[in-house]
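These are my notebook entries from a first look through this structure.

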Amino acid sequence: MAFEPPRRLVRALGETAPEGDDWLEKLPGLAREAVERRELTVERVQLPGGRSSLVVLVRRADGTPAVLKLAPPRARPQSERVALAHWGGRGAVQLLEPVSEGAEGVLLLERLHPDVSVRTLPEAKALLEAAGTLRRLWVDPPEGHVFETVAERTGRQAKAMRAGADAAPEVAPLVDAALSAREELLDSPPEHRLLHGTFRQSKVLSGDRMPWLAVGPDPVVGEHAFDLARLVRDRVEDLIAQPSGATTTRRRVRRLAESLEVDRDRLRGWTLFRAVESGVRARRVGRERDAELLLEFASWL
C-alpha cells in the first residue's frame, strides 16, 4: 500500500519544519517498515488525519483492530508513549505494546472511532464530557520523569511571542498582557501533575472500552489550569460569530473552573497566554484568519 501523507499533515508540518528536515520524505518507508515488523494488515490511512502525525487503521495478526501512528521527532512521540503507558488506558487511548519495544516515532494504539469526537455533541454536552475525560488524566507524573514542564514549554513560546510583537506592534499590548500573566502564574503553581498538554474537544474520541477517551497528548507537567485553558476556546469560530461571544467566553471560564475545581483567575490567565501564543504563531506562518480569531478571543479575557 502507498502511504501518501494527507495534505493536512504536509501543510502543517511544512509550516514548522526546520531546514533540512526530511521526515516527510522518509515517511512512506518508515510506515512500511513499521507495518511489516508488527505483521499488521493495513485498512486505510485516516483522513483528513492530524497535523503532526500519520494515522493508519490496521489489524494485528490475530485480527484485532488497532491504529498505527507515526510522528516526527519534533512532535515528541516518545514522550507521548511514556505518558500513555503511565495512564494505562485510564481516560486515554491504550498503548498496545511495551514502551521498551516501540520504535522511536511509532506507536501502536487501541482502535477508537476516529470519526466520532465529542465535537459531534451539542456544545454544552461536549464541554461536560471533555472536562470529565480531562479530569481522569490529571495524575502524579512517574518518578524520575523527563517530561517538559509548563515553565519550560511556555518559556520557549514566550521568546517567539516577543519576536512576534516586535514584528507586529499592533499585537504588542496583548503579548505584554499574556507574558505578564505567565510570570505571575509561574510564581506559585498550586500543583505539578501530568497533563495532556494539547487538550481540546477533537482530542476526545468515542471508544468501545469507555464512551470517551483522549488521544494525541503532548504531555507536560504543571498545573490543571494550563491544561484546561485550551478547552475554553474550543469552537472559537462560533464564539466570535456570536454577538454575546465575550460574555459566553467569560461564562465558560467560570463554569469550567467550577466544574473541575480550578481557580478561575488562573484559568483566565492561562487561557489568555495560550490564545495569544497561538494567535502570534498563526500569524507567523501566514494563517491570518486564524490569527485574527484567536487574538480577538484573547482580547475578551
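I take helices (H or I, at least four residues) and strands (E, at least two) as DSSP runs, numbered from the N terminus. The model is predicted, so I note that local features need pLDDT of at least 70 and side-chain atom pairs count only at pLDDT 80 or more, while totals for chains, interfaces and linings use all residues. Residues are numbered from 1 along each chain as its sequence is written, and side-chain values use heavy atoms, with hydrogens and water left out.

Helix α2. I looked up what follows α2 and found E39, whose phi is positive, near 55°. Buried (under 20% relative accessible area, with exposed over 50% and partly exposed in between, for a 1.4 Å probe and protein chains only) are W23, L27, A31, A34, V35 and R38 of α2.

Helix α7. For α7 (residues 224-232) I noted that 9 of its 9 residues are buried, among them H224, F226 and R230.

The sheet. I found an open sheet of 3 strands in the order β5-β7-β8, with antiparallel pairing, where two strands pair if DSSP finds at least two bridges between them. The edge strands, each pairing on one side only, are β5 (113-117) and β8 (212-214). Between β5 and β7 (residues 204-206) I noted 2 bridges, and H113 stands opposite S206 in β7.
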